Amino acid sequence: MTAIAVPAQETRRRFRIAASPGAWLVWGSVTFFFLMLAGIIGSVVVSSFGRRWFDTWLPESWTTQWYGQAWHEFTLLDVLIVTVEVSLLVVGISVLVGVPASYVLARRTFPGRRVVYLLFLLPILMPPITYGIPLATVLYKYGLAGHMAGVVLANLVPSIPFVILTMTPFIEQVDPAIERAARMCGARTWQVFLRILAPLLVPGILAASILVLVRTVGMFELTFLTAGPESQTLVVALYYTMSAAGIRAQQSVDAMAVIYTSMMLVLLVIALRFVNPTQLVARVKEEPQ
Amino acid sequence: MTALRHRLAERGVDRQLLLLVPGLLCVLTLFVYPFAYGVGLSFQPTHGGVLGAYKDFFTDAYQRDTIGTTLQLSLPAAFLNVAASVPIAYRMRGRFRGKRLLTTLLVVPITLGTVLTAEGLLNFLGPTGWLNRTLMSAGIIDAPVRLTNNYWGVFFSLVITGFPFAFLLILSYLSGIDPTLERAAATLGAGWWPRFHRITLPLLAPGLATTFCLTFVLAFSVFPSAILVGDPAGTTRVISIAAYHAAYESYDYPLASAIAVVMGVVELAVVAAVLGVRSLFYTGSTGGKG
Amino acid sequence: MTTFEKLRLDGVTRRFGGKDALSGLSLEIRKGEFIALLGPSGCGKSTALNCLAGLLPLSEGSIWQDDKRLDTLPPERRGFGMVFQSYALFPHLSVRKNVAFGLQMRRLPRTEVRRRTDEAIRLVRLEEHATKLPGQLSGGQQQRVAIARAVVLEPSLVLMDEPLSNLDAKLRLEMRTEIRRLHQSLGLTTVYVTHDQEEALSMADRLVVLRDGRVQQVGAPEELHTRPANRHVADFMGYRNLLPMRVVSASPAFVEVEGGGMTLRGTAIGELTAGDEAMAGVRPEDLRLGEGGVPATVEVVEYQGRELAVEARTEQGTMLHLRAAERPSPGDKISVVADPARVLVFPL
């Protein structure tokens, strides 16, 4: 950068801060949004550590007893174990089923491809309640609901399409000529998958797994509709304790919420090491950094 | 035999398509079959003939109005989320320090989920919450504003979870538009407003439609927060609550299925309408890489 | 190494959605030959190569290696090597592992894999880069890895799909020599696809010119250069002046044609009688400035090193492409003559 260019840029930046009401509005609303967000999370965290917090800015005194209480009363350890088991099963199955399907959809054209694609897209487009209720009915009919099997099966419905959508751009990035080259080197189909495609798709599979993990841990409706008392995940347990408020101290519900939040935040931090924030909401490629 | 295989292979049908089978099987047994089963169930009510369940739903104002209630919540929320995201994303589409941090922070509310957001809203916006306390000590209001257990509580919850979602999507759509297009427009003498509304906005329109649809779907399926921060017996009795009550409190599965079907139809109708409008715009390459 | 005497393609046809991408390609390839498939994009040359490789199933026809039928075998069991236009190197494997991949697929003993990999890497002179990943190499180096990976298997046939088209002009010439040198030293039978006629002429023993999925001509480079079988081949072989004419007289020795204010003598390719519509083809280098020729006005002059490429328009409006040793200026009046021995006349 030349010596002349620096002051030029400086003036432009100052100009923007001083004279653009649009910028003020934009940054103002972003700040407002984050203040709200901080308030929402902060009030839960503060409440969970507070003893007697009524008509004041902050609780009268501090304690960690609510965490102990939540841990014992809500059998949180069991709930956490269920949550982890359900999520890992869902991630494993949806990756095993979704990646091969995604490969075919990304690479091949065949009659009926659009129909198949739409079929895979619909579960993401429909509100979970609309198919969750009939699905739960069917699962109860076959005695699958109320157990972990039912919860896992129900969570697979949006997860498999999600894996397919997330994997598609990763598969498209692999030059099809590379697979052909492997075949010309004498590799059988399974060898092409195992030795060439799998290593190249590891980043995509990781991203998809983590995204499905985050979504499964946070999925309320489907788990709520299919879970029995022994197969509740953390969100559902949290919902039940909240809606049964009055019986339990508000603060121990808050404590549970904080445990849930921390779990999600840990997952989030891990997730963001592997994926772009935009990928958490959709499959859109970002400009190269 | 070989001839048939050749003919099929020419059209792209061969053994590799078998890889689709597990996925299709899952979707068919866990999505299509239950859905069809539910539709079938909705036509077999305990009374009132084939359409009895639908008749029950549409003649009972308490049930019927849930459609309006849900749309009144989800349409404005989706619209606000998209409308607020566009100028903010437009301003932030370039590279600047802290962009990664900002986008990361925006992901937080998405992962919080509705249940935790509801709990936070109850604490924060409640009559003795920090917001009312701040406003009262600043002298703006005299008595606490009621922001929870009514329409606004649910609306806020939809904005908190929906806005980051819409913002991140629109930001990535905007990043996909080749910035040289606007520079080209600038060399042709266009100011920032013509540049935005004649070049960027038309290219962004399909992305806006998609974002609106996805945000709307998210808001339309509102369920736990409508119960927790809303007024689930009155102003925020949304259609998912009606379906849930029918299924798990009155055990009227035909009615529950009918409500689920109505819910799906209404949602798909809105999505189809938005996508129909979208098809009027230019859809194609936006000149960006990928 | 599987050896064979000849490879026979018999009526190889490939259709895409009812349209023939390649129809009835019949060809015999002798051991050790270097064959170029030549044609403009979309002519079916890559389809032919992929059919031969087994990457595309045939719609009709068969492929034989001596008495063994090949077209029913999957690509991995045909024992051919292939070099791709995009190189298609495995991005997650080092140069050495890329080259060794095919040997490992054949489950050869570790010591032999090592020996042959080293040998192939030495052959393409990449010893210093053996541990690098493909992304760390230049285009030319990547191309050499791709070639090493294909030849290390000592395949009965090497297929090359426009291997030089992604390289810059200087590197392209170097690699051309390199491939030819490898072919001569290893004696590998090669089928080479390209759209560059100069490349094909300089490298191949025999050329197959394709157009719209059909074979136009098969022959040695000199044959195609001096005696293209029809006007399409001529067009592709650098006969830039293709002038619509009418036959005035035809004799076994030469035909005389006229049109556009010009009268030309040349050799007839095919049956022609007086009065027929015909197309006269002349290369720019076979048109000269000279006395008593066709008068024309110079429009564009391009400097091309030793010579100048000139575009001139006749009084009747026909555009002529020619070469000149000295620089005429746009607007100059010139007179153009053609060497009758080099003028070809094609029936329409």
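## Terms and basis of the model

Two strands are said to pair if DSSP finds at least two bridges between them, and the helices (H or I, at least four residues) and strands (E, at least two) are themselves DSSP runs, numbered from the N terminus. The structure is a predicted model, in which local features need pLDDT of at least 70 and side-chain atom pairs count only at pLDDT 80 or more, while totals for chains, interfaces and linings use all residues. Residues are numbered from 1 along each chain as its sequence is written, and chains are lettered from A and ligands numbered from 1 in the order in which they are written.

## Two hairpins in chain C

Strands β16(C) and β17(C) form a hairpin with 4 residues between them, and in its turn C:Gly317 has a positive phi of about 95°. The two strands, of which β17(C) covers residues 319-324, run antiparallel and are joined by 6 bridges; C:Arg313 has C:Met319 of β17(C) as its bridge partner.

Strand β16(C) (residues 307-314) also runs antiparallel to β15(C) (residues 287-304), to which 8 bridges join it. Here, too, there is a hairpin, with 2 residues between β15(C) and β16(C), and C:Gly305 in the turn has a positive phi of about 80°. C:Gln304 stands opposite C:Glu307 of β16(C).

## The open sheet of chain C

Strands of a sheet pair through backbone hydrogen bonds, either parallel or antiparallel. In chain C, 6 strands with mixed pairing form an open sheet whose order is β6-β7-β8-β3-β9-β10. Its edge strands, each of which pairs on one side only, are β6 (80-83) and β10 (214-219) of chain C. Neighbouring strands of this sheet are turned against each other by 20° on average, direction ignored, where axes are lines fitted to C-alpha atoms, for helices over the stretch in contact, and angles run from 0 to 180 degrees between N-to-C directions.

Within the sheet, β7(C) (residues 157-161) and β8(C) (residues 190-194) pair in the parallel sense over 4 bridges, and the bridge partner of C:Asp161 in β8(C) is C:Val193. Helix α4 (residues 139-151) of chain C lies across β6 and β7 of chain C and runs at about 175° to β6(C).

The loop between β6 and α2 (95-105) of chain C holds C:Tyr87, which has a positive phi of about 70° although it is not a glycine. C:Ala88, found in the loop between β6 and α2 of chain C, has a positive phi of about 50° and is likewise not a glycine.

A residue counts as buried if 20 or more other C-beta atoms lie within 10 Å of its own, as exposed if 12 or fewer do, and as partly exposed in between, with C-beta atoms placed from the backbone. C:Tyr87 is buried because 24 other C-beta atoms lie within 10 Å, and C:Ala88 counts as buried with 24 C-beta neighbours inside 10 Å.

The secondary structure of chain B comes to 12 helices and 0 strands. Its radius of gyration, taken over C-alpha atoms, is 24 Å, well over the 19 Å that the globule rule gives for 290 residues, so chain B is more spread out than a compact globule; the rule is 2.2 Å times the number of residues to the power 0.38. The C-alpha trace of chain B spans about 85 × 70 × 30 Å along its principal axes, and 45% of the 290 residues count as buried.

Contact between two residues means that their C-beta atoms, placed from the backbone, lie within 7 Å. On this basis, 77 residues of chain B are in contact with 74 residues of chain A. Helix α5 (residues 99-125) of chain B gives the most to the side of chain B that touches chain A, with 20 residues. The residues of that side divide into 49 nonpolar, 22 polar and 6 charged, where Ala, Val, Leu, Ile, Met, Phe, Trp, Tyr, Cys and Pro count as nonpolar, Asp, Glu, Lys and Arg as charged, and the others, Gly among them, as polar.

## A covered helix in chain A

Helix α11 (residues 234-243) of chain A is mostly covered, with 7 of its 10 residues buried. The buried residues of α11(A) are A:Leu234, A:Val235, A:Val236, A:Ala237, A:Leu238, A:Tyr239 and A:Met242.
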